[in-house]
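Please look over the sequence and the model shown here before reading on. The paragraphs after it are meant for someone meeting this structure for the first time.

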Amino acid sequence: MGLEDLYRDILLDHYRSPRNRGPLEDASVRIHLHNALCGDEIELALKVQGDRIEQARFSGRGCSISQASASMLTEAVRGLTVEQARELLSRVARMVRGELPAEQAQLGELEALSGVSRFPVRVKCALLAWEALDKGLQQVEGPGPGAV
């Protein structure tokens with residue numbers, strides 16, 4: 001099995017068995033985004049205590065890439081500080097756009113999203129949940145650099 005097959009399997013697994021899908025009753029922040037180009041929708045809910053993301057959940061509908069990316073995001077940000085989440089967001093966005101090679105990004109399972117850079121029309125799909133994260137972090141902390 002090659003690396004590309006492994007990445008495809010990771011994305012399909014997150015699409016078929018999404019992690020952290022569903023409501024988050026005591027969310028600190030809820031962001032709803034819609035990709036008008038393809039119809040994908042994501043609602044990201046974060047529970048933030050102090051400067052740490054305690055929980056992240058999502059709901060929505062859309063293509064396998066947008067839904068898998070949202071599932072992966074919710075696992076990746078749990079337990080991170082807002083600053084760490086901003087750094088992660090920046091690296092993921094740069095990798096998905098093809099600006100940062102996956103092997104340099106050091107993102108573990110999130111590197112499965114790196115292949116999207118070869119399909120520019122799908123970059124927005126992969127980054128929709130991450131854009132929601134950026135907007136959510138801005139609400140928690142105030143306007144930042146805007147990584148997405």
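What follows goes through the sheet, then the helices.

The model is predicted, so local features are described where pLDDT is at least 70 and side-chain atom pairs count only at pLDDT 80 or more, while totals for chains, interfaces and linings use all residues. Residues are numbered from 1 along each chain as its sequence is written, and side-chain values use heavy atoms, with hydrogens and water left out.

Helices (H or I, at least four residues) and strands (E, at least two) are DSSP runs numbered from the N terminus, and two strands pair if DSSP finds at least two bridges between them. Three strands make up an open sheet in the order 1-2-3, with antiparallel pairing. Strand 1 (29–34) and strand 3 each have a single partner strand and stand at the edges, so one side of each lacks a neighbour in the sheet. From one strand to the next the twist averages 15°, where axes are lines fitted to C-alpha atoms, for helices over the stretch in contact, and angles run from 0 to 180 degrees between N-to-C directions.

Strand 1 pairs with strand 2 in the antiparallel sense over six bridges, and Leu33 has Ile42 in strand 2 as its bridge partner. These two strands form a hairpin with six residues between them, and Gly39 in the turn has a positive phi of about 95°. Strand 2 (residues 41–49) is joined in turn to strand 3 (residues 52–61) by nine bridges, again antiparallel. Along this pairing, Glu41 stands opposite Arg61, Glu43 stands opposite Ser59, and Lys47 has Gln55 as its bridge partner. The hairpin of strand 2 and strand 3 has two residues between the strands, and in it Gly50 takes a positive phi near 65°.

Helix 1 (residues 3–16) packs on helix 2 (residues 64–77) at an angle of about 85°, with the axes 8 Å apart. The two helices are therefore roughly perpendicular to each other (65 to 115 degrees). Ile10, Leu11, His14 and Tyr15 in helix 1 meet residues of helix 2, among them Gln67, Ala68 and Met72.

How far apart are the end C-alpha atoms of helix 5 (residues 120–141)? They are 31 Å apart, which agrees with the 32 Å that its 22 residues should span at 1.5 Å a residue, the expected span being 1.5 Å times one less than the number of residues.

Key:
Parallel < 35°, antiparallel > 145°, perpendicular 65-115°, else oblique. Contact = heavy atoms within 4.5 Å.
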